[in-house]
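Hi,

Here is the structure I promised to pass on, with some notes to read alongside it. Please open it first and then go through what I found below.

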Amino acid sequence: MISLFAILLIITKLRFPFLEVPLERDEGAYAYIAQLLLKNIPPYTEAYSLYFPGIFIIYALTFLMLGQTIFAIHFCLLIANLITIVIIFLIGKKLFDPLTGIISGATFGLLGLNPHAQGLFSHPEPFGMLFICSGIYILLLGFGSKKKLLLMWSGVFFGLGLLVKQNIFVFVGFPIIYLCWELFKNSYQSRSFWRDGLLFFTFGYFIPLAIFWVFCLITGSWDQMFFWTFIMPSEMTSPISITRIIEQFKTLSIPIIKSSPLFFGVAVVGLLSILWDKKSRPATTFIILFWAFSFFTMCVAFYLRAHYFLYLFPATALLTGVGFYSINRLIKKTALTKINRLIIFGLAALCFSYSVLDQRKFLFQT
């Protein structure tokens, strides 16, 4: 817990100087619609957006608690980032061990600072992934305790993620595939739990969306909402071009990877560890599936922007943790087994220090 607190403190210290940075274009739009919400003006009536209202509601709640300031908007992002770090730590701890959780949380905290991914601005992606990561952790708790109510709450959090941005709809395939796998893998006697669990999850998933749609019907904004969040996005979706999206991915990902190459290198080790580490293969497969759905969510519109890479950071951080876990297990098989934890902490500190030093001009001087 001391290590986790230290990580949260370091990330807060690194982010704090940026809390007064002027609003990015999209932030200004979200803030304006949030101001209208506080004046009891429903979304999609006097100001329009292609997104579901989750991000506007988050901004409006922030304004209510902290005032209508730039600092408040970015402070809310800081809190969301710190909570996500804790949840990623809990996921890593649940699937592997506390050390994996600590390294995963620290990696996510650092990746979230990346200026090439616009990680310091309050876009929908970090808030959406906060809800998705929460849903994944509750899903894991539901697996372990066999409590259907937890699976329903997992669905609620996935639904809240969808309420932030429509393309997060892709993520619903992740828990459904995993629940179906558990359904068919288990014996006939225990299948009823997983079948019911799938129904509970689906019910929870549609609760936030149902509340939103009822609100639109009551306020008379249904037609406007449907036009701006369903018709317009379908009209604006880019033509399918695999070549273009590969080029965009390469162009946008290179500077992100270059700023933290050691972390991404260890993440590749974590990805490949499935080939030799049979004991952790189920947990690693779970994280790889998480990463795959993060990637699909990012690419669903067949057009990429820099901040879409924020979708990848939670799963990438967990893969980095898996990489260190795998390296730790390999060290235990050598004569260095007595100092294996010291070696792992040393390697993690090297990765963290390299990334901070590489971005020192942005973090400390600009």
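H2 crosses helix H3 (residues 54-66) in a right-handed sense, in what is a predicted model. The axes of the two helices come within 8 Å, and the crossing is at roughly 70°. H2 and H3 are therefore roughly perpendicular to each other. On the H2 side, the contact is made by Glu-27, Tyr-30, Ala-31, Ile-33, Ala-34, Gln-35, Leu-37 and Leu-38. H3 answers with Ile-55, Phe-56, Ile-57, Tyr-59, Ala-60, Phe-63 and Leu-64. By class, the residues in this contact are 13 nonpolar, 1 polar and 1 charged.

Another helix pair to look at is H4 (residues 70-95) with H5 (residues 98-111), which pack at an angle of about 150° with their axes 7 Å apart. Angles over 145 degrees count as roughly antiparallel, and H4 and H5 are therefore roughly antiparallel to each other. H4 passes H5 in a right-handed crossing. From H4, the contact takes in Asn-81, Thr-84, Ile-85, Ile-88, Phe-89, Gly-92 and Lys-93. From H5, the partners are Pro-98, Thr-100, Gly-101, Ile-102, Ser-104, Gly-105, Phe-108 and Gly-109. The residues of the H4 contact with H5 divide into 6 nonpolar, 8 polar and 1 charged.

How many cavities of 30 Å³ or more does the structure hold? There is 1, and the largest cavity has about 120 Å³ of space. Its lining is made of 13 residues, with Arg-15, Asn-81, Phe-108, Pro-126 and Leu-310 nearest the centre. H4 and helix H6 (124-145) each supply at least two lining residues, and H4 gives the most, with 4. The lining of the cavity has 7 nonpolar, 4 polar and 2 charged residues.

The largest pocket has a volume of about 1,000 Å³. It is lined by 34 residues, and those nearest its centre are Leu-50, Tyr-51, Lys-165, Pro-233 and Ala-301.

Best wishes

Notes: Residues are numbered from 1 along each chain as its sequence is written. This is a predicted model: local features need pLDDT of at least 70, side-chain atom pairs count only at pLDDT 80 or more; totals for chains, interfaces and linings use all residues. Side-chain values use heavy atoms; hydrogens and water are left out. On a 1 Å grid over the protein atoms alone, a cavity is a set of points where a 1.4 Å probe fits but cannot get out, and a pocket is an open set with protein on both sides within 12 Å along at least five of seven lines; lining residues have an atom within 4 Å of a point. Grid points are joined across faces, edges and corners, and a volume is the space filled by probe spheres set on the points. Axes are lines fitted to C-alpha atoms, for helices over the stretch in contact, and angles run from 0 to 180 degrees between N-to-C directions. Angles under 35 degrees count as roughly parallel, over 145 as roughly antiparallel, 65 to 115 as roughly perpendicular and the rest as oblique. A crossing is left-handed if the near helix is turned anticlockwise from the far one by less than a right angle, and right-handed if clockwise. Contact means heavy atoms within 4.5 Å. Ala, Val, Leu, Ile, Met, Phe, Trp, Tyr, Cys and Pro count as nonpolar, Asp, Glu, Lys and Arg as charged, and the others, Gly among them, as polar.
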